[in-house]
Amino acid sequence: FPFPYTPYPIQERFMAELYSALEAGRVGIFESPTGTGKSLSLICGALSWLRDFEEKKQREEARLLALEDSGKERPTSAGPGQPESKDSAGEPDWVTAFVQKKEERDKVDRLKEEQIRRKKREDRLEKIWNNVQLKYAAKRKRSEEDETKRLLQLSKEILLEGAGVDVLEQLDHNEEELILAEYESDEEKKVVSGLEEDDDDLEEEHVTKIYYCSRTHSQLSQFVHEVKKSPFGKDTRLVSLGSRQNLCVNEEVRCLGALQLINDRCMEMQKNKHEKKSDEENEGKKRRVTRTVCPFYSYEQMQFLRDEVLMEVKDIEQLVALGRETKACPYYGSRYAIPAAQLVVLPYQMLLHEPTRSAAGIKLKNQVVIIDEAHNLIDTITCIHSAEVSGSQLCCAHSQLLQYMERYRKRLKAKNLMYIKQILYLLEQFVAMLGGNVNQNPSCQAVSQTGTVLKSINDFLFQSQIDNINLFKVQRYCEKSLISRKLFGFVERYGGPGAAVKTNKENEKLAGLKNFLLTLQQGSNKEGDPPVEAENDQLQTASPLMQIEGFLSALTNSNQDGRVILNRQGTVGQSSLKFLLLNPAVHFAKVVKECRAVIIAGGTMQPVADFREQLLSCAGVDPACVVEFSCGHVIPPENILPIILCSGPSNQQLEFTYQTRDLPQMMDEMGRILCNLCNVVPGGMVCFFPSYEYEKQMYAHWEKMGLLTRLAMKKKIFQEPKKASQVDQVLMEYAKCIKRCSQAGGQMTGALLLSVVGGKMSEGINFSDNLGRCVIMVGMPYPNIKSPELQEKMTWLDKTMPRAAGQAPSRVLIENLCMKAVNQSIGRAIRHQKDFASILLLDHRYARPAVFNKLPQWIRERTQVKPAFGSAFAELRKVRTCILPTA
């Protein structure tokens with residue numbers, strides 16, 4: 001395998017296993033700890049396979065074409081004087097031979113077409129590589145076009161000023177864009193053959209490619225930089241995909257902030273562009289006011305951007321910069337590059353959500369998918385396909401839509417009115433299910449029966465009396481008519497103060513809407529509530545219908561695969577309806593069935609039983625097709641000391657269950673353990689608690705007992721903040737303190753960070769080197785089994801899954817969720833080959849075989865179980881004296 005340096009043996013094994021899984025077309029679960037060069041192994045292993053696959057394919061094509069050219073033919077009929085024989089199906093030989101020959105000819109014709117397309121593609125890229133003048137010519141042409149547009153705009157403005165156009169009349173014309181166009185359902189539309197001229201390239205045949213997806217934007221950028229550093233960096237056609245929120249360069253659209261608003265505005269601008277042509281053709285008719293079109297949505301400019309993207313590896317930031325420079329849309333330009341790309345880098349949501357996948361032009365048929373950072377894959381799929389709406393949003397959407405319908409009733413076609421009335425009825429019934437009335441302020445309506453109720457989808461539809469409405473059609477209408485976008489424009493124009501309206505009657509109606517929105521805003525910002533971010537606030541007040549569309553879409557899932565949760569709290573406004581997806585496999589099955597191979601990779605994948613049973617088995621994957629690979633770490637065995645500690649310094653057994661963890665003696669023992677550790681562990685220590693509440697309770701107890709003062713003599717104490725915006729500041733102060741202490745060499749040896757499992761610092765933060773010389777896990781962070789969502793999931797698993805090793809599937813789920821969280825947290829300390837740290841698991845239950853075996857292999861094989869604190873403390877002192885001089 002080509003590699004930028006001599007690979008570790010575990011990297012060679014990883015790449016070999018990956019190569020064979022791709023070659024055999026399997027589903028692989030690959031685990032490689034952070035610091036072992038997982039990204040480079042994925043890149044070099046997968047791209048080596050792709051290169052070899054393409055070479056084999058081309059050799060096979062050349063062989064078939066050579067056979068065709070040499071005119072070799074099999075005998076197609078019986079010789080003279082020989083009777084015609086028949087095959088097993090009873091067909092004469094000449095018929096069978098004719099069919100075979102036709103199939104071969106068709107295959108050769110397809111190959112020839114593919115060769116022509118490939119040659120064109122390669123010639124185009126070669127031209128761009130070699131002809132720099134072409135680049136400047138295109139740039140010059142664009143600047144000339146911009147100047148022409150600017151002059152035209154100036155002359156229009158001068159003409160308008162001279163004509164003295166009535167401002168009120170202009171407002172009327174501008175209002176046209178708020179009115180819904182005539183709607184035709186799919187059954188009524190005639191199937192139009194062919195595509196829009198702007199969409200030619202979307203039909204370009206897709207070459208065999210690898211789709212690589214990860215969780216965050218920064219992880220994807222990091223992966224692209226690794227590709228650049230690899231031996232494949234110069235020869236790979238790579239395209240980075242992202243949402244419009246990340247890629248849009250039109251400032252007018254970007255400033256909308258919320259993703260759904262950006263999407264809708266972008267789609268509307270494209271629609272305006274297509275309608276503009278037909279408007280100009282009807283010269284005899286009354287000319288309409290020109291609607292806004294996006295200056296970046298130019299086919300020629302986007303083609304140029306596509307070629308630039310394919311020519312050189314670029315991350316999203318570089319793609320956006322190029323889009324601004326070339327005045328071309330990076331979102332669509334990158335989409336046009338997908339068919340010819342060999343490696344497509346994209347976020348989870350874009351690949352795992354079918355409508356988004358389809359809209360982005362992603363075709364998975366016979367392609368390879370690699371899902372990195374996949375430890376939370378099941379939760380991710382569940383979250384993507386779940387949806388929640390509050391009573392405030394439902395009432396607000398109903399009020400907005402009613403005002404909209406009243407204002408434009410005479411202008412709307414019958415079909416539009418019918419669907420609007422259906423949506424209004426749905427909203428009324430949803431609010432009624434929460435125990436409220438849409439015509440009253442949701443913040444003032446008290447709910448008589450509070451609590452949480454779970455219902456199957458069918459029960460919810462029947463009880464809310466909406467089972468007679470075709471939700472598939474309503475969903476399709478919302479999608480095609482862009483009604484939420486029109487409604488947002490309407491509220492933007494008339495919902496705010498100082499809006500221009502004409503008649504007293506309309507004034508009354510719109511004043512009602514304005515007052516209603518104000519009461520909602522005031523109702524949601526009660527004292528004590530955390531301030532809502534501007535984007536969310538905008539979504540809640542201005543466009544709640546967008547979120548409701550997601551809920552309607554969720555209700556179209558199969559009855560057995562999800563549940564509807566009615567959460568009635570205090571007032572109707574605070575109450576909510578939530579759709580919970582129970583079976584993520586139904587959505588993942590489509591990915592697995594279409595792809596040639598799927599690789600699920602991560603630094604910590606243990607326990608993998610969840611992936612096999614809940615995801616792959618339920619998605620219909622044959623267990624024989626699943627490959628598992630787990631490698632050790634590159635660090636020497638002596639650089640890590642994992643200890644399961646069963647009791648503290650005063651022989652108090654460590655068992656942090658709900659029943660015992662609040663006992664004063666348990667909290668005292670925990671304080672004594674930390675005091676002892678602070679005396680021997682250099683640099684930084686990170687202590688993980690099961691929850692924010694328990695961490696707060698423990699801190700208060702130590703403060704009361706004076707233990708906090710003892711701890712603070714050796715380590716400065718930091719606490720994980722609840723607000724994400726404060727995390728960076730705390731981490732910066734923590735790192736500065738450790739650095740200062742290591743240089744000063746005084747009594748204080750570093751810092752202690754009190755953190756929370758599943759919080760802001762348990763994933764994605766690296767406590768490498770001195771930032772994390774010891775990671776401590778307090779108890780076992782089991783999830784809250786009283787949660788209605790979790791209880792429903794447990795019930796569903798017990799009904800649908802077989803028992804494993806005598807354990808109920810629900811019990812296995814709880815244990816697996818706990819150990820996944822533990823493994824993520826303790827993996828924060830060792831981040832590279834020369835790093836070292838100790839890991840303390842404080843609870844005797846970790847020593848149970850069922851739990852112990854769910855630790856990552858590279859940690860498990862080095863873990864020591866210590867019944868008493870004395871021997872554990874001796875090990876920690878020993879490891880400190882052994883490692884520090886050589887570090």
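Q: Helices (H or I, at least four residues) and strands (E, at least two) are DSSP runs, and they are numbered from the N terminus. With that settled, where does Pro607 lie?

A: Pro607 lies in the loop that runs between S10 and H25. Please keep in mind that this is a predicted model.

Q: And what is the peptide bond from Gln606 to Pro607, cis or trans?

A: The bond from Gln606 to Pro607 is cis, and its omega is near -10°.

Q: How many bridges join S2 to S5?

A: Strand S2 (residues 210-214) and strand S5 (residues 368-371) run parallel and are joined by 4 bridges. Within S5, Ile370 is the residue opposite Tyr212.

Q: Changing topic: how many aromatic pairs does the count come to?

A: The count comes to 19 aromatic pairs. In the pair of Phe30 and Phe629, the ring centres are 5.6 Å apart and the planes stand at 35°, so this pair is tilted.

Q: Which strands do Phe30 and Phe629 lie in?

A: Phe30 belongs to strand S1 and Phe629 to strand S11, so the pair ties together parts that are 599 residues apart in sequence.

Q: What about the other sheet, the one with S6 in it: is its pairing parallel or antiparallel?

A: Its pairing is antiparallel: 4 strands form an open sheet in the order S6-S9-S8-S7. Strand S6 (387-390) and strand S7 (451-456) are the edge strands, each pairing on one side only. Neighbouring strands in this sheet are turned by 15° on average, again ignoring direction.

Q: How many bridges join S7 to S8?

A: There are 6 bridges between S7 and strand S8 (residues 562-569), and the two run antiparallel. Gly451 has Arg568 of S8 opposite to it.

Q: Which strands does H23 lie across?

A: H23 lies across S6, S8 and strand S9 (571-581), at about 130° to S6.

Q: How do the axes of H20 and H23 cross?

A: Helix H20 (residues 483-494) and helix H23 (residues 544-554) have axes that come within 8 Å and cross at roughly 160°. Angles over 145 degrees count as roughly antiparallel, and H20 and H23 are therefore roughly antiparallel to each other. The crossing is right-handed. H20 contributes Ile483, Ser484, Leu487 and Phe488 to the contact, while H23 contributes Leu545, Met546 and Glu549. By class these are 5 nonpolar, 1 polar and 1 charged residues.

Q: At what angle do H16 and H23 pack?

A: Helix H16 (residues 391-408) packs with H23 at an angle of about 115°, and the axes are 9 Å apart. This crossing is left-handed. From H16 the contact takes Gln393, Leu394, Cys396, Ala397 and Gln400, and from H23 it takes Pro544, Leu545, Gln547 and Ile548. Of these residues, 6 are nonpolar, 3 are polar and none is charged.

Q: And how far apart are the axes of H27 and H28?

A: The axes of helix H27 (residues 692-705) and helix H28 (residues 707-714) are 5 Å apart, with an angle of about 95°. That makes H27 roughly perpendicular to H28. Tyr699, Trp702, Glu703 and Met705 of H27 make the contact with Leu707, Leu708 and Leu711 of H28. This contact divides into 6 nonpolar, no polar and 1 charged residues.

Q: One last item: what is the phi of Gln465?

A: Gln465 has a positive phi of about 60°, although it is not a glycine. Gln465 is in the loop between helix H18 (457-463) and helix H19 (471-481).

Technical notes: Residues are numbered from 1 along each chain as its sequence is written. This is a predicted model: local features need pLDDT of at least 70, side-chain atom pairs count only at pLDDT 80 or more; totals for chains, interfaces and linings use all residues. Side-chain values use heavy atoms; hydrogens and water are left out. Two strands pair if DSSP finds at least two bridges between them. Axes are lines fitted to C-alpha atoms, for helices over the stretch in contact, and angles run from 0 to 180 degrees between N-to-C directions. Angles under 35 degrees count as roughly parallel, over 145 as roughly antiparallel, 65 to 115 as roughly perpendicular and the rest as oblique. A crossing is left-handed if the near helix is turned anticlockwise from the far one by less than a right angle, and right-handed if clockwise. Contact means heavy atoms within 4.5 Å. Ala, Val, Leu, Ile, Met, Phe, Trp, Tyr, Cys and Pro count as nonpolar, Asp, Glu, Lys and Arg as charged, and the others, Gly among them, as polar. Rings of Phe, Tyr and Trp (its six-membered ring) pair if their centres lie within 6.5 Å; planes under 30 degrees apart count as stacked, over 60 as edge-to-face and the rest as tilted.
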